[in-house]
Amino acid sequence: MRRSCTGVHEDLSEYDYLDNDSFTDLESGFYGLWYRPAYTRLNVGWLEAGKPYSTETVSTAFVEQLQAVQKVQWMNVCLGVHRCDLCREEDAPEGNGEIRIPGKPGIAYAAPSLITHYVTDHGYCPPQVFIDAVLAVDVDEWASIRWPDVPFPWVPDSAERMLD
């Protein structure tokens, strides 16, 4: 059943939670990079209990690609965690970060780290433009990028990098 997502942030609405984006090095879990994005960030997959969201079966290829992206990108990691409030409390997984997926020039999709859980366990179907953008990511290229670079194409040269 295809419905518009009206969770915490409506799908494809402008992201305004954080002014800056930050990537954390996956290998060390410590080194960081901060910058103010020059691109527009659009929300995808910010679900909330009691709010309707799009449901439809998505392809296995999309789910596998989304999981692969999440293994190579760790961004806007917070000190606290968010538990999935669509699950029973005792079964709810936790998330504490986001991912960015490049869209058309000047656009990036901002999704919570729980997005794969929402897709696989709750039947959430993201907008087709997000699905297409995820499938277009060259995960092998992103996985080959090593710190202090990050697996995202639009990080400005002026980004502040914490290296020590």
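**Entry 1: the model**

Before anything else, I noted that this is a predicted model.

**Entry 2: helix packing**

I started with helices α1 and α3. Helix α1 covers residues 60-72 and helix α3 covers residues 128-136. I got an angle of about 65 degrees between them, with the axes 9 Å apart. Then I checked the hand, and the crossing of α1 and α3 is left-handed.

Which residues of α1 and α3 make the contact? On the α1 side I listed Ala61, Phe62, Gln65 and Leu66. On the α3 side I listed Phe130, Ile131, Val134 and Leu135. I sorted the residues of this contact by type and found seven nonpolar, one polar and no charged.

**Entry 3: the largest pocket**

Next I went looking for open space. I put the volume of the largest pocket at about 340 Å³. Its lining is made of 19 residues. Which of them lie nearest the centre of the largest pocket? I wrote down Tyr17, Trp46, His82, Gly97 and Pro112. By type, the lining of the largest pocket splits into ten nonpolar, eight polar and one charged.

**Entry 4: the second largest pocket**

For the second largest pocket I have a volume of about 210 Å³. I counted 17 lining residues here, and Asp25, Leu26, Val72, Ile145 and Arg146 lie nearest the centre.

I also wanted to know where the lining comes from. Strand β1 (21-24), helix α1 and helix α4 (139-144) each supply at least two of the residues lining the second largest pocket. So much for position; on type, this lining has ten nonpolar residues, two polar and five charged.

**Entry 5: the three-stranded sheet**

Last I looked at an open sheet of three strands. I read the order as β1-β2-β8, and the pairing is antiparallel.

Definitions and conventions. Residues are numbered from 1 along each chain as its sequence is written. This is a predicted model: local features need pLDDT of at least 70, side-chain atom pairs count only at pLDDT 80 or more; totals for chains, interfaces and linings use all residues. Side-chain values use heavy atoms; hydrogens and water are left out. Axes are lines fitted to C-alpha atoms, for helices over the stretch in contact, and angles run from 0 to 180 degrees between N-to-C directions. Helices (H or I, at least four residues) and strands (E, at least two) are DSSP runs, numbered from the N terminus. A crossing is left-handed if the near helix is turned anticlockwise from the far one by less than a right angle, and right-handed if clockwise. Contact means heavy atoms within 4.5 Å. Ala, Val, Leu, Ile, Met, Phe, Trp, Tyr, Cys and Pro count as nonpolar, Asp, Glu, Lys and Arg as charged, and the others, Gly among them, as polar. On a 1 Å grid over the protein atoms alone, a cavity is a set of points where a 1.4 Å probe fits but cannot get out, and a pocket is an open set with protein on both sides within 12 Å along at least five of seven lines; lining residues have an atom within 4 Å of a point. Grid points are joined across faces, edges and corners, and a volume is the space filled by probe spheres set on the points. Two strands pair if DSSP finds at least two bridges between them.
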